[in-house]
Amino acid sequence: MFKDDVLNVLLLIPKGKVLTYKDIAIILNKPKAYRAVGNALHKNENAKIYPCYKVVNNEGMLANNYAFGGKEGQRKLLEEEGIEVLNYKVDLGKYRFKYERN
């Protein structure tokens, strides 16, 4: 059920914040599974419920193959949340969600 776990992490990301594929893998205690995270996100069938557009690579770059409109679609959704995107890149120092376990 790794895909479900990945999708549920998306629900934790507040408005105006992003995570990286690796961040999600670390949150799930599988730090080397960042490619599996990407695969699970690519199979997301409902972006309205599970906001996969809030996930960028480790350098803050948007996904070339974002399933719902490519990187231009991802850019638009991020900007609608107030996240600045320059040259298809997000400033992780400013917009990365700092997840803390309870």
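Asp23 is found in helix α2, which spans residues 21-27, where a helix is a DSSP run (H or I) of at least four residues and a strand a run (E) of at least two, both numbered from the N terminus. This is a predicted model, in which local features need pLDDT of at least 70 and side-chain atom pairs count only at pLDDT 80 or more, while totals for chains, interfaces and linings use all residues. Residues are numbered from 1 along each chain as its sequence is written, and side-chain values use heavy atoms, with hydrogens and water left out.

The side chain of Asp23 makes a polar contact with the side chain of Arg96 at 3.0 Å; such a contact is a pair of N or O atoms within 3.5 Å, and within protein one must be able to donate a hydrogen and the other to accept it, with residues adjacent in sequence counting only if both atoms are side-chain atoms.

The table gives the relative accessible area of several residues, with buried meaning under 20%, exposed over 50% and partly exposed in between (1.4 Å probe, protein chains only).

| Residue | Relative accessible area | Class |
|---|---|---|
| Asp23 | 15% | buried |
| Phe97 | 18% | buried |
| Tyr88 | 28% | partly exposed |
| Tyr99 | 31% | partly exposed |
| Asn87 | 70% | exposed |

The structure holds 1 aromatic pair. The rings of Phe97 and Tyr99 have centres 6.3 Å apart and planes at 70°, so this pair is edge-to-face; rings of Phe, Tyr and Trp (its six-membered ring) pair if their centres lie within 6.5 Å, and planes under 30 degrees apart count as stacked, over 60 as edge-to-face and the rest as tilted.

Asn87 lies in the loop between β3 (85-86) and β4 (89-90), and Tyr88 also has its place in the loop between β3 and β4. Neither is a glycine, yet phi is positive in both, at about 55° for Asn87 and near 60° for Tyr88. Over the face of Tyr88 lies Lys71, at 4.6 Å from the ring centre, where the rule asks that NZ of Lys or CZ of Arg be within 6 Å of the ring centre and within 35 degrees of the ring normal.
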